[in-house]
Amino acid sequence: FVVTSYYYPHLGGVAVHTYNLYRKIVDKFDYDVVVISSTLDKELRDIKIPGITVHRLSPLFKLSNTPVNPLWYWKIKKLINEFEPDVICVHTPVPFMVDCAVAAADDIPVIFKYHHVGSMAKGLIWIDWMLRLYEKTILQMLLKKASIILTSSEFTRRTFFKKHLDKTKTITPGVDIERFISKTQCDENRLLFVSGNLDPTE
């Protein structure tokens, strides 16, 4: 049971990552995956994949880039009761929908996947105070309830989640290397190095 505020064909890191991750999972393992996400724009359509069922929930409004609907808790709770999942995996940092899912999970194990580097603060005073308040209150309650927290880097794990190291693991996002195999051959040796901020202590 997967909950993410945005899912492909929405564009964005989390939307594309979750799409590729779960289509590979159902391709290699005998799992049934139910994805809960927000509705698509009228010109977009879900791509049907055997083993994956997508349920789209309509937001009442958006706060910054966060779709919101106070009724989602009960809608997600109904879907949980219908499908009786073995595990619920929520993908963040976009809040609210995943908050509703964790609250509705009851005793079902929750995997909390955090795709951001750290705080969601955007440098905008009018919204940052709400994000900081969220991260110090609601987010901490979600993390406490989660069975395991997954981060994309050790830096994020040791800094943003330093209070939860006992149940935090780092799994770096996979890359489909077949998409990057050149169709032309080159006799010269070439090296491409791509990096974010390096931790000098590693």
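Student: Why is the contact between Asp 106 and Lys 77 called a salt bridge?

Tutor: In this predicted model, the side chains of Asp 106 and Lys 77 meet with N and O 2.1 Å apart. The cut-off is within 4 Å, so the pair counts as a salt bridge.

Student: What makes this pair tie parts of the chain together?

Tutor: Asp 106 sits in the loop between helix H3 (97-104) and strand E7 (110-114), while Lys 77 belongs to helix H2 (residues 72-83), so the pair joins parts that are 29 residues apart in sequence.

Student: How do you know whether Lys 77 is buried or exposed?

Tutor: Its relative accessible area is 18%. Buried means under 20%, so Lys 77 is buried.

Student: And why is Asp 106 called partly exposed?

Tutor: Asp 106 has a relative accessible area of 45%. Buried would need under 20% and exposed over 50%, so Asp 106 is partly exposed.

Student: What makes Glu 154, Arg 157 and Arg 158 a network?

Tutor: Glu 154 forms a salt bridge with Arg 157, with the closest N and O atoms 3.5 Å apart. Glu 154 also forms one with Arg 158, at 3.8 Å. Each distance is within 4 Å, so both pairs qualify, and the three residues are linked in a network of salt bridges.

Student: Where do Glu 154 and Arg 158 lie?

Tutor: Both are in helix H6, 4 residues apart, about one turn of the helix.

Student: How do you know whether Arg 157 is buried or exposed?

Tutor: Arg 157 has a relative accessible area of 18%. That is under 20%, so Arg 157 is buried.

Key
Residues numbered from 1 in each chain as written. Predicted model: local features only at pLDDT ≥ 70, side-chain atom pairs only at ≥ 80, totals over all residues. Heavy atoms only, no water. Helix = DSSP H or I, 4+ residues; strand = E, 2+ residues; numbered from the N terminus. Buried < 20%, exposed > 50% of the residue type's maximum accessible area, 1.4 Å probe, protein only.
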